[in-house]
Amino acid sequence: MPDPLSRNSAAMPATSTPASTSGSAATVNGTPAAAAPYHRHIWIVTGPAGCGKTTVAGYLSEQLQLPYLEGDSFHPQANIDKMAAGIPLTDADRWDWLILLRDQSVSALASGASGVVLTCSALKRKYRDVIRIASYNDERVLVHFIYLHASQDVLLSRVHNRVGHYMKDSMVKSQFEALEPPSEAEKDVLAVDVSGDMGSVQHAALNAVVTTMAADAAAAAAVAAPTTTAPVKN
């Protein structure tokens, strides 16, 4: 089995227009968010079943005009069968899947995208660390986790109302048991409370992303700015 940690393996208006990340600066409503980005970004929308990962990620992909990878679609059939039967996945079930998600995200960036949006539950820190390897392998790649969180009761009610999805109520409970909420030491995490209506959640997530991109671009511009030396007086 490959080593999964191997280096080689604030809401916005509902009327906001897509944020452009092609070319130079990201824009929202036609207003530049920052200068041309130095980094490329992997935005992982994460959280337990029922938190709205797919809905939020799809919205971010559309607004930011970035490619979108639905993590569940990369699960092998054996994993899907286990989850449909209410059997929690083990670490062994997840390693190859996590490595594949990381590699697919990096491939999207290599194709020329300035960023990519990915959904992945990433319940434990060691799962998040697998994807963080992308930054260790390339200093110009930044990994961010958009952690969607709410109470177990809220997420249970949402999953219960789903039609035709393999994820069952019991999986929400097992995922909460396995969940390791991001700690303060994980500085690449943006937490978004999803207890409210989905429109507000989407806008809050977009605001967090655009704010982060603007801060990163500003920092990169400051580093790249030429320094001036005061003339020496004789």
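Which residue in strand 6 is the bridge partner of V45?

1. It's I146. Before going on, note that this is a predicted model, where local features need pLDDT of at least 70, side-chain atom pairs count only at pLDDT 80 or more, and totals for chains, interfaces and linings use all residues. Residues are numbered from 1 along each chain as its sequence is written, and side-chain values use heavy atoms, with hydrogens and water left out.

2. Now the sheet. It is open and built from 5 strands in the order 4-5-3-6-7, with parallel pairing. Strands here are DSSP E runs of at least two residues, helices are H or I runs of at least four, and both are numbered from the N terminus. Two strands pair if DSSP finds at least two bridges between them; strand 3 and strand 6 have 7.

3. Look at the edges: strand 4 (68–69) and strand 7 each have a single partner strand, so one side of each has no neighbour in the sheet.

4. Helix 7 packs on the sheet and touches strand 3, strand 6 and strand 7. Contact means heavy atoms within 4.5 Å.

5. On to the largest nonpolar core, which has 28 residues; V45, L60, L64, I146 and L148 touch the most other members. Such a core is a set of buried Ala, Val, Leu, Ile, Met, Phe, Trp, Tyr and Cys residues joined through side-chain atoms within 4.5 Å. Buried means under 20% relative accessible area, exposed over 50%, partly exposed in between (1.4 Å probe, protein chains only). Helix 7 gives this core its largest share, 7 residues.

How values were computed. Axes fitted to C-alpha atoms, helices over the stretch in contact; angles between N-to-C directions.
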